[in-house]
Amino acid sequence: MASVRSKTTIDPLFSNFDLALALEITPAALTRRVIRKSVPPADIRTAGNCKNWRFSTIRAWRPDIADRLVDALKTAKAAA
């Protein structure tokens with residue numbers, strides 16, 4: 001997951017692409033779920049209107065998805 005961005009080491013940010021990958025849906029489907037409020041709104045919007053969620057937000061909403069993101073980070077670090 002090269003697109004993971006971290007403002008702090010305590011609560012990293014995950015992009016809409018990262019979250020969509022963890023949910024096994026497209027970024028467009030993620031946007032629709034945010035609109036329907038079945039996914040919490042993004043915590044931060046960066047340049048180019050890229051949506052980012054804090055790890056703590058994802059963990060509070062869906063611990064299983066947070067675990068997938070942690071596993072993906074471990075895999076990416078091991079491959080590097």
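Biologist: At about what angle to S1 does helix H1 run?

Modeller: Helices (H or I, at least four residues) and strands (E, at least two) are DSSP runs, numbered from the N terminus. Helix H1, residues 16-23, lies across S1 and S3. Axes are lines fitted to C-alpha atoms, for helices over the stretch in contact, and angles run from 0 to 180 degrees between N-to-C directions. On that basis H1 runs relative to S1 at about 75°.

Biologist: Before I go on, what kind of model is this?

Modeller: Residues are numbered from 1 along each chain as its sequence is written, and side-chain values use heavy atoms, with hydrogens and water left out. Local features need pLDDT of at least 70, side-chain atom pairs count only at pLDDT 80 or more, and totals for chains, interfaces and linings use all residues, since the model is predicted.

Biologist: Why is H1 called largely enclosed by the rest of the structure?

Modeller: Buried means under 20% relative accessible area, exposed over 50%, and partly exposed in between (1.4 Å probe, protein chains only). The buried residues of H1 are Asn16, Asp18, Leu19, Ala20, Ala22 and Leu23. H1 is largely enclosed because its buried residues number 6 of 8.

Biologist: Which elements do those buried residues of H1 pack against?

Modeller: Contact here means heavy atoms within 4.5 Å. The packing partners of the buried H1 residues are S1, helix H2 (27-35), S3, helix H3 (55-61) and helix H4 (63-79).

Biologist: What is the strand order in the sheet?

Modeller: Two strands pair if DSSP finds at least two bridges between them. S1 (13-15) and S2 (44-46) are the edge strands, each pairing on one side only. The twist from one strand to the next averages 35°. This open, antiparallel sheet of 3 strands has the order S1-S3-S2.

Biologist: In S3, which residue is the bridge partner of Leu13?

Modeller: S1 and S3 (residues 50-54) run antiparallel and are joined by 3 bridges. For Leu13, the partner in S3 is Arg54.

Biologist: And on the S2 side, which residue in the turn of the hairpin has a positive phi?

Modeller: S2 and S3 are antiparallel too, with 3 bridges between them, and Arg45 stands opposite Lys51 in S3. The hairpin they form has 3 residues between the strands, and the turn residue with a positive phi, about 80°, is Gly48.

Biologist: Which residues does Leu30 touch?

Modeller: Leu30 is one of the core residues that touch the most other members. Not counting residues up to four places away in sequence, Leu30 touches Asn16, Leu19, Ala20, Leu23, Ile25, Val39 and Trp53.

Biologist: Last one: in what order do the elements run from the N terminus on?

Modeller: The protein has 4 helices and 3 strands. Of its 80 residues, 32% count as buried. From the N terminus on, the order is β-α-α-β-β-α-α.

Technical notes
Core = buried A, V, L, I, M, F, W, Y, C linked by side-chain atoms within 4.5 Å.
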